[in-house]
Amino acid sequence: MVAQAKQPTATFSGVRPINLSRDLASIANLIEHAFAADMDDSGHAAVREMRLLGRLAFLFSWAEGFVPQGESLVPGFVWIEEGEVVANATARRLSAFGRGWMIGNVAVAPTFRGRGIARSLINACIDLARQRNGDWIALQVRSDNAIALNLYRSLNFQALSESIELIRIEPDRVTRPDQSSVGHLRIALPRDTNSIFALAQAAYTESMHWIEPQYRTQFELGLDRRIANLLGGTFAAWRVIEVDKEIVGAASIKVNRWT
């Protein structure tokens with residue numbers, strides 16, 4: 001009798017497309033850990049939605065077989081090490097018929113950083129866009145993240161524009177705003193939607209229209225929007241400044257009623 005020892009199966013290590021049913025919970029944990037210092041309410045809400053989507057994946061995972069690799073409901077790639085998700089990057093089309101792509105959520109677990117994993121994931125995203133006839137691909141990065149900036153520049157990404165987020169710590173009581181010295185400050189009305197949208201479009205650089213397009217629905221002020229905000233637990237308000245019946249300035253505030 002001759003016995004042969006079973007050879008151990010090699011564990012896969014490297015990049016593969018995101019698997020909806022297997023990876024979402026791990027990706028949610030990875031993103032929450034990697035971006036803990038910068039994550040706001042919307043970021044935490046997105047992570048919660050990702051976990052929920054992962055739990056419900058069995059309802060629609062069958063559809064994964066009908067879309068190209070890398071273009072699932074959560075398109076992109078993960079890096080697998082010892083059977084675990086240790087990094088990920090998403091890559092999505094900006095519009096159904098557009099030629100632009102956006103890379104997002106580039107996250108690597110701390111113990112696996114500095115090994116070229118992020119570079120491999122980004123190259124996979126670039127290859128995906130190229131295979132799908134994309135004309136360009138963009139991403140967003142903090143200006144003080146020197147390591148990420150150096151990586152992206154080495155991959156021939158170029159800076160197009162910059163957005164700035166500011167925070168102000170207010171006391172519990174907020175005073176009523178003063179009237180503008182130019183024009184009339186008033187509550188925005190549904191009829192102002194087109195004017196506010198045009199104002200927002202004019203404030204955008206041409207490159208930002210490509211990378212982060214704005215849509216009229218983002219600025220709608222009618223009953224449908226109020227109902228959507230109510231169902232979503234959000235309070236939203238717009239104020240405009242009007243000069244000779246022309247809106248020359250607008251600002252909005254959104255508050256999560258639950259937090």
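In what order do the 5 strands of the open sheet stand? The views below come from a predicted model, in which local features need pLDDT of at least 70, side-chain atom pairs count only at pLDDT 80 or more, and totals for chains, interfaces and linings use all residues. Residues are numbered from 1 along each chain as its sequence is written, and side-chain values use heavy atoms, with hydrogens and water left out.

**View 1. The open sheet has the order 1-2-3-4-5, with mixed pairing.** Strands are DSSP runs of E, at least two residues, and helices are runs of H or I, at least four residues, both numbered from the N terminus; two strands pair if DSSP finds at least two bridges between them. Strand 1 (14-17) and strand 5 (136-139) are at the edges with a single partner strand each, so one side of each has no neighbour in the sheet.

**View 2. Strand 3 (residues 84-93) and strand 4 (residues 100-108) run antiparallel, joined by 6 bridges.** Ala-91 is opposite Ile-103 in strand 4.

**View 3. Strand 7 (residues 234-243) and strand 8 (residues 246-256) form an antiparallel pair with 10 bridges.** The two make a hairpin with 2 residues between them, and Asp-244 in the turn has a positive phi of about 50°. Thr-234 faces Asn-256 in strand 8.

**View 4. Ring pairs join Phe-197, Phe-219 and Trp-238 into a cluster.** Rings of Phe, Tyr and Trp (its six-membered ring) pair if their centres lie within 6.5 Å; planes under 30 degrees apart are stacked, over 60 edge-to-face, and the rest tilted. Phe-219 and Trp-238 are tilted, at 6.0 Å centre to centre and 50° between the planes.
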